[in-house]
Amino acid sequence: MTKYNKGPIYVTQPVLPDIEKVYVKLQEIWGAKQLTNNGPLLHQFKAALQKQLNIQYLSLCCNGTIALQLACKALGLSGEVITTPFTFAATGHALAWNNLKPVFCDIDPYTFNIDPDKIEALITPATTAILPVHVFGHPCDTYKIQSLADQYKLKVIYDAAHCFGVELLGEPISSFGDVSIFSFHATKIFHTFEGGMVVCKDAETERLIDTAKNFGFELGLEVLTPGTNGKMNEFQAAIGLLMLDLFEEEIEKRRVLTQIYKERLSQIPGISFQREAVGTKHNYLNLTICVNEEFGIDRDALFLILKDQNIFTRKYFYPLLSQMQCYNNGQWNLPVAEQIASMVLSLPLYGNLEIEAVHFICDTIEASQTGGD
Ligand code: T4K
């Protein structure tokens with residue numbers, strides 16, 4: 001087994017722009033003395049995103065959670081929203097903060113995304129929307145979801161927190177559904193330290209979100225809706241502008257590492273991967289494996305063995321939202337999601353991860369079956 005003695009290996013590590021370039025941006029901010037509230041860098045960042053991602057209507061926010069809360073608010077949802085339990089807590093919380101009831105639908109065992117064939121049975125007269133998550137940047141079955149939404153006149157909000165740079169059949173992933181939200185958190189492929197974005201289909205929705213994220217101020221001092229403070233500041237926008245030059249290279253580095261992981265780990269009985277949707281341009285945000293029974297030891301045992309070797313993996317997404325105290329009212333029927341949540345493990349993946357480290361991780365996984373080293 002290879003040895004790797006260069007310190008702990010974390011599940012991810014952010015890409016950082018050249019600090020000299022950050023100083024230049026800071027000087028611009030210091031010069032303008034506009035730190036937040038719709039400043040010049042925010043405008044530049046918005047225009048650059050529109051061009052680079054081929055999107056028209058978007059609103060930049062302080063983080064992805066607030067972006068999702070604002071999106072739900074702008075679409076005027078009420079009652080129940082059908083969503084997936086296999087996601088980060090923020091997905092459910094954004095609904096709860098809008099007084100919406102999350103209704104959890106089971107997931108597909110191969111894609112880990114909401115199972116479109118199980119949505120219809122959950123639709124009631126109180127349902128106003130579907131909130132699927134493109135889990136780990138893997139697109140949902142957008143066509144089936146949209147046809148159900150059209151049939152029942154439901155809105156579709158995609159939690160595309162993981163999806164920066166992802167395309168499906170040549171279209172930006174945000175072109176599906178009514179609204180998509182993105183996270184620019186430090187752990188994402190593209191980040192602004194913290195940050196988020198709502199992408200929508202029309203100028204009116206964009207205006208509603210822009211208003212709501214600025215306390216509801218409209219027409220000068222008029223406040224028509226109880227808004228919040230969801231604005232992105234100038235430092236975040238500056239980092240975003242610099243990151244736009246870096247994320248494609250990061251994706252390519254991760255693609256190469258993912259290939260090595262897959263070549264190595266697909267040889268091991270009992271290890272499987274999330275199935276990719278056909279026609280996807282991926283961003284390789286995460287590399288999540290499933291530890292099946294055939295592997296010999298369970299996911300939790302493997303997690304501890306890796307930790308013992310200074311390899312810090314994550315159980316994304318365990319527990320399920322439906323298993324969290326605030327959403328667990330015992331009514332859910334989610335056998336697939338419960339099984340997948342007990343088997344998943346996200347392995348370290350980031351552009352600067354050394355190939356040597358990937359082999360060390362794969363060797364450790366291989367050796368864990370036999371207990372040897
Ligand atoms: N919807 C979905 C589906 C989401 O996954 C998320 C967030 C959201 C909505 C909400 O978006 P935001 O409001 O966050 O923009 C992380 C992130 O905090 C969270 O953004 C993310 N999803 C979630 C899946 O993961 P943790 O608690 O796992 O992160 P943490 O701090 O343990 O970091 C993991 C590793 O990354 C560390 O071991 C080391 C490294 N790291 C992390 C940070 C923050 C660094 O090297 N530098 C850093 O600054 O939650």
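Asp115 counts as buried because its relative accessibility is 11%, where buried means under 20% relative accessible area, exposed over 50% and partly exposed in between (1.4 Å probe, protein chains only). The model is predicted, so local features need pLDDT of at least 70 and side-chain atom pairs count only at pLDDT 80 or more, while totals for chains, interfaces and linings use all residues. Residues are numbered from 1 along each chain as its sequence is written, and side-chain values use heavy atoms, with hydrogens and water left out.

Asp115 is placed in the loop that lies between β3 (101-104) and β4 (127-131). Helices (H or I, at least four residues) and strands (E, at least two) are DSSP runs, numbered from the N terminus. A polar atom of the Asp115 side chain lies 3.0 Å from the backbone nitrogen of Asp117. A polar contact is a pair of N or O atoms within 3.5 Å; within protein, one must be able to donate a hydrogen and the other to accept it, and residues adjacent in sequence count only if both atoms are side-chain atoms. When neighbours within four places in sequence are left aside, Asp115 is in contact (heavy atoms within 4.5 Å) with Cys105, Asp106, Ile107 and Asp108.

Helix α6 spans residues 203-212, and its buried residues are Thr205, Glu206, Ile209, Thr211 and Ala212. The cover over these buried residues includes the helices α2 (40-53) and α3 (64-74), together with β1 (57-61), β8 (179-183), β9 (196-200) and β10 (217-218). The N-terminal end of α6 is capped by Asp202, a side-chain oxygen of which lies 3.2 Å from the backbone nitrogen of Glu204.

Glu252 belongs to helix α8 (residues 247-265). With a relative accessibility of 38%, Glu252 counts as partly exposed. Between Glu252 and Gln69 there are 183 residues in sequence and 32 Å in space, C-alpha to C-alpha.

In the protein as a whole there are 11 helices and 15 strands. The radius of gyration is 21 Å, which agrees with the value near 21 Å for a compact globule of 373 residues; this radius is taken over C-alpha atoms, and the globule rule is 2.2 Å times the number of residues to the power 0.38. The C-alpha atoms fill a box of roughly 70 × 55 × 35 Å along the principal axes. Of the 373 residues, 53% count as buried. Among contacts with a separation of 6 or more, 71% are between residues 24 or more positions apart.
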